[in-house]
Amino acid sequence: MAKRDILIIPDTRLRLKSEPVTAFDAELRALIDDMFETMYDAPGIGLAAIQIGVPRRLITMDLAKKDDPPQPEVFINPEITWASDEKSTYEEGCLSIPEYYEEVIRPKAVKVKYLDRDGKAQEVEADGLLATCLQHEIDHINGVLFIDHISKLKRDRVMKKFKKAQKRGETTRDAYTEDTPEHRIG
Ligand code: NI
């Protein structure tokens with residue numbers, strides 16, 4: 001297993017539409033292991049493969065509370081098949097946009113079909129944090145970021161800040177100082 005660097009905006013790879021996973025082999029298992037190691041190290045509660053530069057439709061997640069046993073979950077080629085009309089608001093953050101948090105309005109509940117790590121078809125009906133996290137991560141594999149859901153004014157401001165940081169050579173982040181990992185959706 002190896003911890004990988006997490007891409008930070010304005011890295012253009014974060015705008016790629018990821019390709020489906022087709023092979024359920026040792027390479028995929030190694031990628032999943034690296035994603036969990038990277039996600040737990042950050043720490044974050046979700047991670048899409050493209051955030052470590054791999055354009056595959058693959059998500060890792062663990063929504064277990066701090067002192068509870070880990071609950072690692074893998075969602076491969078996930079697709080939203082239903083979304084509730086009812087919306088909810090959650091203050092989201094993203095490992096690819098460190099230290100920035102903003103309220104995002106999304107459907108409160110979703111149904112998602114996906115493949116598990118063995119390639120078996122699964123479906124989950126999610127609400128609460130799981131619904132928010134799944135939508136945030138599925139956005140990632142479509143090249144969409146949570147700042148696309150906020151006002152253009154706020155988005156332009158955060159993009160400008162990160163472009164300046166990139167010019168200073170700050171292209172990766174070794175540590176996240178905010179102490180509430182459940183805000184770092186992924
Ligand atoms: Ni994210």
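Predicted model: local features only at pLDDT ≥ 70, side-chain atom pairs only at ≥ 80, totals over all residues.
**Entry 1. Conventions**

I number residues from 1 along each chain as its sequence is written.

**Entry 2. The nickel ion**

I looked up which atoms coordinate the nickel ion. They are SG of Cys94, NE2 of His136, NE2 of His140 and O of Gly186, at 1.8 to 2.2 Å. Donors are N, O and S atoms within 2.8 Å of the metal (3.2 Å for Na, K and Ca); water is not among the atoms, so sites may look incomplete. The angles among the four donor atoms run from 93 to 121°, and the site is tetrahedral. For four donors, that term requires all angles to lie between 85 and 135 degrees. I note that the ideal angle for four tetrahedral donors is 109.5 degrees.

Along the sequence, I read the donor spacing as C-x41-H-x3-H-x45-G. His136 belongs to helix H2 (residues 128-141) and Gly186 to the segment after helix H3 (152-167), so this pair ties together parts that are 50 residues apart in sequence. Helices (H or I, at least four residues) and strands (E, at least two) are DSSP runs, numbered from the N terminus.

I then checked accessibility. His136 is buried at a relative accessible area of 2%, and Gly186 is buried at 0%. Buried means under 20% relative accessible area, exposed means over 50%, and partly exposed lies in between (1.4 Å probe, protein chains only).

I found Gln135 in helix H2, and at 7% relative accessibility Gln135 is buried. Its side chain reaches the backbone oxygen of Pro107 at 3.0 Å.

Thr38 sits in helix H1 (residues 26-41) and is buried, with a relative accessible area of 2%. The side chain of Thr38 reaches the backbone oxygen of Asp34 at 2.7 Å.

**Entry 3. Backbone features**

I recorded a cis peptide bond from Ile9 to Pro10, with omega near 10°; Pro10 is in the segment before H1. Ala42 and Pro43 are also joined by a cis peptide bond, with omega about -15°. Pro43 falls in the loop between H1 and strand S1 (46-48).

Asn77 lies in strand S3 (residues 73-83) and counts as buried at 17% relative accessibility. Glu99, which is not a glycine, has a positive phi of about 65°. I located Glu99 in strand S5 (residues 97-107), where Glu99 is partly exposed at 27% relative accessible area.

**Entry 4. The second largest pocket**

I noted a volume of about 230 Å³ for the second largest pocket. A pocket is an open set of points on a 1 Å grid over the protein atoms alone, where a 1.4 Å probe fits, with protein on both sides within 12 Å along at least five of seven lines; lining residues have an atom within 4 Å of a point. The volume is the space filled by probe spheres set on the points.

The lining includes Arg4, Pro20, Asp25, Leu31 and Arg56. By class, I recorded seven nonpolar, one polar and four charged residues. Ala, Val, Leu, Ile, Met, Phe, Trp, Tyr, Cys and Pro count as nonpolar, Asp, Glu, Lys and Arg as charged, and the others, Gly among them, as polar.

Notes. Heavy atoms only, no water. Tetrahedral: all angles 85-135°; square planar, octahedral: opposite > 155°, others 65-115°. Polar contact = N/O pair within 3.5 Å; in protein donor to acceptor, adjacent residues only side chain to side chain.
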